[in-house]
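Thanks for coming. I have one item today, an interface between two chains, and I will go through it in order.

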2 protein chains.
Amino acid sequence: VTDSVDVGFLGCGTVGSAVLRLLDEHRDDIFERSGCRFEVRRIAVREPDRTRDVPVPPGRFTDDPASVVEDPEVRVVVELMGGVDPARDLVLSALRSGKRVVTANKELLAKHGPELFQAAAGSGAGLHFEATVAGGVPLIRPLIESLPAERITRLLGIVNGTTNYILDRMTEDGIAFADALTEAQRLGYAESDPTDDLEGFDAAAKCAILASLAFDTRVVADDVYREGIARVSPADIEFADRLGYVVKLLAVAELEDGDVAVRVHPAMIPRDHPLAAVRDAFNAVFVDGPNIGELMFYGRGAGGAPTAVAVVGDLITAGRLVTEGRPGLTFTWEVRHRIRPMDLMESQFYLLLDVVDRPGVLAQVAGAFGDHRVSIKSVWQEGTGDDALLVLITHRANEGALRATVEDLERLEPVLEVRSVLRVEGEE
Amino acid sequence: VTDSVDVGFLGCGTVGSAVLRLLDEHRDDIFERSGCRFEVRRIAVREPDRTRDVPVPPGRFTDDPASVVEDPEVRVVVELMGGVDPARDLVLSALRSGKRVVTANKELLAKHGPELFQAAAGSGAGLHFEATVAGGVPLIRPLIESLPAERITRLLGIVNGTTNYILDRMTEDGIAFADALTEAQRLGYAESDPTDDLEGFDAAAKCAILASLAFDTRVVADDVYREGIARVSPADIEFADRLGYVVKLLAVAELEDGDVAVRVHPAMIPRDHPLAAVRDAFNAVFVDGPNIGELMFYGRGAGGAPTAVAVVGDLITAGRLVTEGRPGLTFTWEVRHRIRPMDLMESQFYLLLDVVDRPGVLAQVAGAFGDHRVSIKSVWQEGTGDDALLVLITHRANEGALRATVEDLERLEPVLEVRSVLRVEGEE
């Protein structure tokens with residue numbers, strides 16, 4: 001019978017185990033909806049002899065990932081090992097031999113997407129990657145299939161649950177970054193080495209994938225400007241709150257004069273923006289277009305079960321393509337837009353300055369902005385004497401101009417310190 | 001060449017005109033992404049001779065809709081006329097002759113979906129209906145294609161922009177229902193006869209479609225319990241606010257003991273629920289499942305341009321199926337779950353009572369709840385003497401038991417009036 005599809009797994013951690021459980025539990029539903037029966041033929045793991053709580057006969061485990069990719073019976077490879085090596089070679093080899101690949105590996109895709117899709121197009125195989133961004137939230141498929149009639153202009157995403165959890169704790173409980181991080185680690189939301197999340201590497205990979213899809217072009221992880229959240233202070237969070245904003249780590253992808261601007265950094269967004277309500281470790285992606293207006297996709301961005309739902313959804317699509325003998329979707333990932341250098345990008349900015357409060361200070365500060373044609377939207381002053389704070393929000397301004405303004409501010413004698421500079425998004 | 005697909009239109013109002021503009025404007029993009037060139041061959045309208053601002057040669061208009069459906073060159077019919085007659089016969093006839101149909105007609109689908117899908121399955125045609133619910137928000141396709149590995153347990157939707165706009169004005173500006181309605185009509189958010197929106201008929205049709213998809217069963221518009229928003233008072237809105245809730249018109253579809261419970265009514269939802277942040281005339285659908293956790297789709301639910309994006313997305317899918325000679329997706333719409341009668345459904349409730357404030361009143365009121373095993377979660381009392389108000393929130397309780405409780409309360413001598421009963425959703 002042609003309705004049986006042999007599947008090989010690369011990796012079997014939290015997500016892999018959840019996928020195997022879903023495939024077993026929903027076997028009949030999946031057959032009814034897809035016409036496919038998936039047979040898990042071979043699973044490559046580091047320790048094939050370890051006892052695992054998954055509904056698979058033990059003889060299916062191997063420590064040789066190449067044997068999964070080379071098995072002629074395997075028609076679909078599910079890659080859940082993560083990282084670039086050896087995932088890249090294995091996935092390339094699978095795609096070149098015409099096997100369909102379902103992957104949750106954002107790093108691999110964001111770094112080597114063009115090469116992978118070229119291999120897939122060459123053999124007629126398909127590469128499915130719904131699980132790479134925002135776990136269980138259907139996002140990749142709607143961007144590709146539901147919105148071909150729209151030209152997306154901007155995409156704002158909260159795509160890293162760890163940092164959203166930390167910023168949410170800082171906002172809701174008024175605690176400092178380090179304490180929120182400890183709490184996140186205790187709950188399993190942050191890894192023991194949290195660099196990848198905190199410094200925005202994870203979000204930048206997802207930003208590259210989303211920007212490539214939204215603008216039908218090629219953006220890779222290295223194209224994305226990146227700032228982490230470690231420098232966000234309780235004072236920033238508090239001023240944000242008083243001014244009607246919330247601080248989030250945002251992935252921003254937008255078209256500016258035909259260029260693609262891509263960046264990941266903490267930003268203040270208005271409290272009534274739909275992204276401001278994204279709490280805890282949730283993810284959301286907000287999309288702007290001239291016809292659709294505003295769209296948002298929201299849900300659990302990580303975790304075994306939600307990610308497994310996305311993987312199995314892709315597996316069903318891949319299985320249907322296999323049984324119908326159809327080629328997979330090719331996504332050209334061709335360069336259609338230039339990547340805009342950070343200095344030319346535009347944002348609104350929030351600045352927090354320590355100043356000496358005396359007549360003429362505000363004029364001096366305002367002068368520094370004016371010299372670089374950065375327009376000030378609003379200013380607040382707090383405290384007196386040597387202990388005054390100045391909070392400014394600018395209109396949309398050029399990054400380079402803002403940087404030059406900050407350099408000038410640091411040289412002004414009554415400015416003791418430029419304590420914070422954060423971008424403001426979702427407003428103008 | 002096989003890449004040209006002739007399309008016929010039934011209706012050409014706001015959405016139809018926007019579809020024609022998108023097809024023209026994005027012609028090259030659409031060809032590149034789909035391999036199809038759509039030729040608009042025939043458009044049925046009431047006044048074919050009227051001048052229209054659409055990029056179509058005037059000779060393509062006709063006042064005979066049957067000629068569109070019967071044209072042997074037309075491979076895809078886009079039905080945007082709305083209503084059941086004559087849309088039903090036209091769509092059935094198109095599907096029976098093997099033409100693909102793209103429709104935005106929620107009423108037709110919610111009333112006659114099973115019959116339409118049977119016709120589509122019989123001829124191998126496809127019926128595409130992304131635009132029937134929540135306009136430009138990709139929702140139908142993700143429910144069908146991205147979540148086949150999940151068993152959805154509950155769906156809460158804000159699917160009517162008019163009522164959300166009215167409730168939002170009442171909440172934000174403290175104005176009464178009638179004034180908010182006038183404002184909505186002035187802005188074009190409400191029709192001159194707003195019954196369909198205000199009484200929940202529009203939302204009930206969408207609820208039936210969503211429930212059918214979410215639970216893979218047959219739910220039609222008449223199955224949906226329905227209450228409109230006309231009785232929501234400024235007092236309800238104000239108490240909701242003070243207790244940490246927001247009032248929304250919700251479409252609720254849930255599985256209760258294997259039955260499908262479907263209902264549309266105003267409800268209080270917690271202020272920190274993602275649906276609470278849905279402002280203005282926006283739509284959102286919130287989905288719960290054991291694996292995905294919580295998902296939400298948010299965006300513009302109506303309007304020509306957003307709906308046109310959904311229609312063109314479907315048209316591209318239909319066009320690909322035509323050029324590849326593949327049958328359309330069949331959705332069986334078979335009865336797999338019983339529809340639960342309203343009396344057996346469960347909700348939390350909010351009640352607002354006018355009472356005479358004297359010793360023993362609360363005991364009497366609480367007794368009425370206890371007699372029907374309705375458990376009280378919290379109580380507030382306001383005012384004194386003959387002018388007191390009692391606000392109660394219950395735990396999740398049976399609808400029949402709550403109704404019996406209200407009947408008993410109305411008979412209690414110190415209860416002057418049961419002023420409001422609203423359900424509370426999204427909490428327990």
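By contact I mean heavy atoms within 4.5 Å. On that basis, 44 residues of chain B meet 44 residues of chain A. This is a predicted model, where local features need pLDDT of at least 70, side-chain atom pairs count only at pLDDT 80 or more, and totals for chains, interfaces and linings use all residues. Residues are numbered from 1 along each chain as its sequence is written, chains are lettered from A in the order in which they are written, and side-chain values use heavy atoms, with hydrogens and water left out.

Next, area. The size of an interface is often given as the accessible area lost when the parts come together. Here chain B and chain A bury about 4,200 Å² (accessible area lost with a 1.4 Å probe, summed over both), and carbon and sulfur atoms give 55% of that.

Now the charged pairs. The rule finds eight salt bridges across the interface (a side-chain nitrogen of Lys or Arg within 4 Å of a carboxyl oxygen of Asp or Glu). One of them joins R326(B) to E324(A), with the closest N and O atoms 4.0 Å apart.

Which element gives the most to the side of chain B that touches chain A? Strand 12 of chain B, with eight residues; strands here are DSSP runs of E, at least two residues, numbered from the N terminus.

Strand 12 of chain A, residues 293–300, runs antiparallel to strand 12 of chain B, and five bridges join them; two strands pair if DSSP finds at least two bridges between them. Within this pairing, Y298(A) stands opposite M296(B).

Methods
Buried area = accessible area lost by both parts, 1.4 Å probe. Helix = DSSP H or I, 4+ residues; strand = E, 2+ residues; numbered from the N terminus.
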